[in-house]
Amino acid sequence: MTDADPGAYAPPDSSGSYAPQPMLRGEKVWLRPVEPSELAEGVEKVNDATIAHFAGFKSPITRAGADRFGQKLVDEPGRTPSWLIFNIIPLGDQKGIGTVGFRDIDHLNGSAELTILLDDRRLLGKGYGTDAVNVLCDFGFGELRLERIFLRVFDYNARAIRSYEKAGFRTDALTRRSRFHRGVHHDVVVMSILRDDWLALPRPKSWDLAGP
Ligand SMILES: CC(C)(COP(=O)(O)OP(=O)(O)OC[C@H]1O[C@@H](n2cnc3c(N)ncnc32)[C@H](O)[C@@H]1OP(=O)(O)O)[C@@H](O)C(=O)NCCC(=O)NCCS
């Protein structure tokens, strides 16, 4: 990666070969669809105790479970996908550091649930997650014609709640004591951002960063 071309997929080589710009990019990361086979590769990472605690895995998941999940993501010609999951990749890099996407996209009502996790706990709190949420919101409102993007987050996940607030989400509701974890019941916070909230955000949109 060079200062002159911060969003390139790959470092330009000495021959000056063409490096395409990512379609979905933010200030720090770019997004590329997850291949179903990659989900199984990520099993060890999401079995990390810290990530599982915040992301909601109660016990370690298996490769077979990840494979079954991956089947939801297989492209079927002619089918409107209800799940769209992307790798989060630092700009100028190729290696994913987590996933972000929509699950259960409700195309009739223009609503979708956002899901995100960075899979290396050493990378939490460095701004990658908020940037990835921003890019996904731009994609959801700017390409999928969504009206509302919502998410569910555990009340003890203050870092995530702060990240979502920075991205423009507001609290809709609490579902009280709906998460049992480590011997205690917790509330789950439902947060959302509406199309009008997103339009009013002062930050540049993903496509402003990507160029014409
Ligand atoms: C949630 C997640 C995607 C957020 O991404 P991130 O890159 O870590 O978030 P950012 O660095 O952009 O922002 C975190 C904010 O929370 C703040 N923060 C960090 N720890 C905090 C804490 N314990 N309490 C309150 N705020 C905290 C940071 O200071 C920062 O706010 P600031 O920019 O105003 O200083 C990421 O932390 C993650 O993947 N966590 C593990 C899995 C998870 O929780 N998934 C979400 C399930 S709903």
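# Reading a predicted protein–ligand model

Visitor: What average pLDDT does the protein have, and what share of the residues score at least 70?

Guide: pLDDT is the predictor's confidence in each residue, from 0 to 100. The protein averages a pLDDT of 88, and 88% of the residues score at least 70. This is a predicted model, in which local features need pLDDT of at least 70, side-chain atom pairs count only at pLDDT 80 or more, and totals for chains, interfaces and linings use all residues. Residues are numbered from 1 along each chain as its sequence is written.

Visitor: Over which residues does pLDDT stay under 50?

Guide: The stretch is residues 1–9. For residues 1–9 the model has 21 contacts beyond four places in sequence; two residues are in contact if their C-beta atoms, placed from the backbone, lie within 7 Å.

Visitor: How many helices and strands are there in the protein?

Guide: Helices (H or I, at least four residues) and strands (E, at least two) are DSSP runs, numbered from the N terminus. The protein has eight helices and eight strands. Among contacts between residues at least 6 apart in sequence, 58% join residues at least 24 apart.

Visitor: In what order do the strands of the sheet stand?

Guide: Strands of a sheet pair through backbone hydrogen bonds, either parallel or antiparallel. Two strands are said to pair if DSSP finds at least two bridges between them. Here the eight strands form an open sheet with mixed pairing, in the order S1-S2-S3-S4-S5-S6-S8-S7. Strand S1 (24–25) and strand S7 (170–181) stand at the edges with a single partner strand each, so one side of each is left without a neighbour in the sheet.

Visitor: How many bridges does S1 form with S2, and in which sense do they pair?

Guide: S1 and S2 are antiparallel, with two bridges, and a hairpin of three residues joins S1 to S2. Arg-25 stands opposite Trp-30 in S2. S2 pairs in turn with S3 in the antiparallel sense over five bridges, and there Pro-33 has Phe-86 in S3 as its bridge partner. S3 and S4 are also antiparallel, over five bridges, with Ile-85 opposite Gly-101 in S4. Strand S4 (residues 98–106) runs antiparallel to S5, joined by seven bridges; Gly-98 has Leu-118 in S5 as its bridge partner.

Visitor: Why is S3 described as largely enclosed by the rest of the structure?

Guide: A residue is buried if 20 or more other C-beta atoms lie within 10 Å of its own, exposed if 12 or fewer, and partly exposed in between, with C-beta atoms placed from the backbone. Five of the seven residues of S3 are buried, so S3 is largely enclosed by the rest of the structure. Of the 212 residues of the protein, 26% count as buried.

Visitor: Which strands does H5 lie across?

Guide: Axes are lines fitted to C-alpha atoms, for helices over the stretch in contact, and angles run from 0 to 180 degrees between N-to-C directions. H5 lies across S1, strand S2 (29–33), strand S3 (84–90), S4, S5, strand S6 (148–154) and strand S8 (184–194), and runs at about 155° to S5. H6 lies across S6 and S8, at about 160° to S6.

Visitor: Is Asp-131 buried or exposed?

Guide: Asp-131 lies in helix H5 and is buried, because 26 other C-beta atoms lie within 10 Å. Leaving aside neighbours within four places in sequence, Asp-131 is in contact with Gly-26, Glu-27, Lys-28 and Val-29. Asp-131 and Ser-163 are 32 residues apart in sequence and 9.1 Å apart in space, C-alpha to C-alpha.

Visitor: How many residues surround the ligand, and which are the closest?

Guide: A residue is near a molecule if its C-beta atom, placed from the backbone, lies within 6 Å of it. The ligand is surrounded by 22 residues, and the closest are Phe-54, Gly-129, Thr-130, Ala-158 and Arg-162. Helix H3 (49–55), strand S5 (111–118), helix H5 (128–142) and helix H6 (158–166) each supply at least two residues of this shell. H6 gives the largest share, six residues.

Visitor: How do the residues of the shell divide into nonpolar, polar and charged?

Guide: Ala, Val, Leu, Ile, Met, Phe, Trp, Tyr, Cys and Pro count as nonpolar, Asp, Glu, Lys and Arg as charged, and the others, Gly among them, as polar. The shell around the ligand has 11 nonpolar, seven polar and four charged residues.
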